[in-house]
Amino acid sequence: MFNKSLRQLAADLRAKQISSVELTQLYLDRIAQHNPALNAYVTLDSDKSLAQARAADARLAKGDATELTGIPIAQKDIFCAQGWLTTCGSKMLHNFISPYDAHVISQFNSAGAINLGKTNMDEFAMGSSNETSHYGSVKNPWDTARVPGGSSGGTAAAVAARLCAAATGTDTGGSIRQPAALCGISGLKPTYGVVSRYGMIAFASSLDQAGPMGRNAEDLALMLNTMAGFDERDSTSLQRDKEDYARDLDKPLHGLRIGLPKEFFAAGMGSDVAKAVEAALAEYKKLGATVVDISLPNSRLSIPVYYVLAPAEASSNLSRFDGVRYGYRAPDYSDLNDMYEKSRAQGFGSEVKRRIMIGTYVLSHGYYDAYYLQAQKIRRLIAQDFVEAYKHCDIIMGPTSPSTAFKLGEKGDDPVQMYLSDIYTIAVNLAGLPGMSIPCGFGDNNMPVGLQIIGNYFDEARMLNVAHQYQLATDWHSRAPQGIL
Amino acid sequence: MSLSTQDVEKVARLARLAMTDSEIETARDQLSGIFELIAEMQAVDTNGVEPMSHSQDLAQRLRADIVTESNQREAFQAIAPQTEAGLYLVPQVIE
């Protein structure tokens with residue numbers, strides 16, 4: 001049951017092979033068994049989940065079910081869900097029971113999906129290893145001495161360990177794709193503006209984008225069908241016609257032109273990662289694709305640009321946490337300013353404080369032009385590189401992450417080392433393009449390797465097609481960690 | 001680029017983050033390392049390049065100036081640290 005695709009589960013639910021209550025309880029039992037070792041979930045509420053499952057069973061019986069009705073989905077703890085504790089991985093929100101639903105949550109609720117629980121994450125999505133969570137690190141199901149990646153590491157671990165049918169993530173600089181790669185699952189960050197950010201706790205608003213994470217491309221297509229769509233409550237939500245993201249899954253790949261950025265295949269990529277990515281490209285050639293060398297000359301500037309723009313936006317977004325209206329307030333203080341300073345000092349962890357300080361500095365008087373404005377200009381150069389590249393290819397491929405999952409604590413003391421692990425993913429966010437990661441083999445220590453697929457704007461259906469055809473020809477996506485099945 | 005202790009103290013004050021002396025020193029070292037990483041950006045010639053704030057370069061969408069939200073004061077204040085008579089309580093700011 002735990003290896004079935006969403007379409008198979010939907011068929012089983014309709015054929016009364018299993019009820020949603022039974023399916024939800026099966027997953028809750030698995031979570032009880034495996035979560036203590038993985039720490040993938042931070043909040044469970046079986047009463048709420050099972051109540052939704054009963055409603056889904058009633059809907060299935062009446063015959064007005066959607067493709068996701070009755071299916072248990074895990075939600076990254078960055079999405080506000082009414083009546084659910086929503087912590088964003090922070091002590092600052094340790095007691096925040098959301099009074100409203102994020103757009104993504106209400107989309108799943110309308111579809112009749114089950115909220116199975118909230119998944120662990122780096123604090124305010126700032127991290128690449130899940131070690132910045134106030135609620136403890138998540139462990140990689142393939143090796144519990146290793147990180148699952150981040151920031152959507154709880155989601156990635158939950159999907160890899162079959163502790164949900166599929167789940168949500170968010171991606172500001174790689175936070176869907178990198179943990180998907182490190183945990184051997186599939187994940188998609190859509191074009192900026194395709195999924196509403198309403199009720200998704202803000203990190204860097206011009207980069208943040210929610211997307212689906214699951215075991216295969218077909219599941220991601222069904223998830224994205226539910227998540228995508230215009231929402232007037234997000235001022236950057238795009239007004240576009242509704243799409244069926246599964247419409248092109250079965251198209252053959254003959255004639256597909258795959259662009260390979262020479263900057264992604266240079267020094268820095270682990271040899272085990274390179275080997276798996278090369279093998280994937282050979283498979284694509286067998287499927288009828290051709291490869292084209294391309295260049296993204298400004299992509300080397302992605303990390304410096306990102307570490308100006310993202311902290312700047314974060315320092316502004318996180319100014320709302322002041323101990324007045326919700327969240328953590330320090331127990332002792334002398335006056336209003338002291339209350340702000342102590343509540344924020346005690347409520348935020350060290351990585352979040354570090355980024356708030358970088359952002360405050362680059363936005364402070366006298367530095368704006370040299371940092372923020374310069375970064376925004378280079379951001380355009382980075383985006384233009386992709387526009388130029390897509391004149392010569394249909395899709396871009398490369399590694400998702402320079403290495404497989406590293407050990408817990410390995411990059412602990414040096415923030416710069418951690419930042420460099422997002423070298424291949426950040427340019428995609430800066431350009432606002434869609435990107436995904438799918439499993440393409442195993443590297444050193446038998447840890448999963450991810451293949452990154454970068455599409456042109458609004459090309460999600462093609463990316464899912466490209467991923468699905470590979471998954472029909474290979475079985476990396478159906479491998480599971482030992483001791484899990 | 002390396003930051004001074006005073007730079008870090010000023011930023012902490014602007015960001016409303018209480019920090020001990022030893023935290024200031026740790027932050028100074030780490031922020032200096034991060035600004036070295038960022039410095040690579042400074043040498044790039046961006047003359048005549050328009051800054052990009054959003055990937056789709058959309059104009060801000062406007063809406064009619066009408067009330068769309070209903071009053072949910074009780075729900076919102078139920079999760080506040082301290083309230084009284086429908087108001088958020090903070091330390092006294094005016095003598």
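This is a predicted model: local features need pLDDT of at least 70, side-chain atom pairs count only at pLDDT 80 or more; totals for chains, interfaces and linings use all residues.
How many bridges join strand β5 of chain A to strand β10 of chain A, and in which direction do the two strands run relative to each other?

Three bridges join β5, residues 186-189 of chain A, to β10, residues 435-442 of chain A, and the two strands run antiparallel. Within that pairing, A:Leu188 has A:Met436 of β10(A) as its bridge partner. On its other pairing, β5(A) is joined to β6(A) by two bridges, again with the strands antiparallel, and here A:Ser186 stands opposite A:Gly214 of β6(A). If you look along β5(A) itself, A:Ser186 and A:Leu188 point one way while A:Gly187 and A:Lys189 point the other way, and all of them are buried.

Let me now step back to the sheet as a whole. In chain A, 11 strands form an open sheet with mixed pairing, and the order is β1-β3-β2-β4-β6-β5-β10-β11-β9-β7-β8. The edges are taken by β1, residues 41-43, and β8, residues 290-294, and because each of these has a single partner strand, one side of each is left without a neighbour in the sheet. On average, and ignoring direction, neighbouring strands of this sheet are turned by 35° against each other.

Two helices of chain A deserve a mention at this point. Helix α5, residues 153-160, lies across β1, β2, β3, β4 and β6 of chain A, and it runs at about 155° to β4(A). Helix α7, residues 217-227, packs on the sheet as well, touching β4, β5, β6 and β10 of chain A, with a direction that makes about 145° with that of β6(A).

One residue of helix α7 in chain A is A:Thr226, and the model places 21 C-beta neighbours inside 10 Å of A:Thr226, so this residue counts as buried. Leaving aside residues up to four places away in sequence, A:Thr226 touches A:Leu68, A:Gln107, A:Phe108 and A:Ala111. A:Tyr245 is 19 residues from A:Thr226 in sequence, and the C-alpha atoms of the two are 9.9 Å apart in space.

Turning to the contact between the chains, 54 residues come from chain A and 40 residues from chain B. On the chain B side, the elements that give two or more residues are α1, α2 and α3 of chain B, and α2(B) gives the most, with seven residues. By class, that side of chain B divides into 26 nonpolar, 10 polar and four charged residues.

Which helix of chain A packs with α2 of chain B, and at what angle? It is α11, residues 350-363 of chain A, which packs with α2, residues 21-39 of chain B, at an angle of about 60° and with the axes 11 Å apart. That angle makes α11(A) oblique to α2(B), and the crossing of the two helices is right-handed. From α11(A) the contact is made by A:Arg354, A:Met357 and A:Ile358, and from α2(B) by B:Ala27, B:Gln30, B:Leu31 and B:Ile34. Sorted by class, the residues in this contact of α11(A) with α2(B) are five nonpolar, one polar and one charged.

Notes
Residues are numbered from 1 along each chain as its sequence is written. Chains are lettered from A and ligands numbered from 1 in the order in which they are written. Two strands pair if DSSP finds at least two bridges between them. Helices (H or I, at least four residues) and strands (E, at least two) are DSSP runs, numbered from the N terminus. Axes are lines fitted to C-alpha atoms, for helices over the stretch in contact, and angles run from 0 to 180 degrees between N-to-C directions. Two residues are in contact if their C-beta atoms, placed from the backbone, lie within 7 Å. Angles under 35 degrees count as roughly parallel, over 145 as roughly antiparallel, 65 to 115 as roughly perpendicular and the rest as oblique. A crossing is left-handed if the near helix is turned anticlockwise from the far one by less than a right angle, and right-handed if clockwise. Ala, Val, Leu, Ile, Met, Phe, Trp, Tyr, Cys and Pro count as nonpolar, Asp, Glu, Lys and Arg as charged, and the others, Gly among them, as polar. A residue is buried if 20 or more other C-beta atoms lie within 10 Å of its own, exposed if 12 or fewer, and partly exposed in between; C-beta atoms are placed from the backbone.
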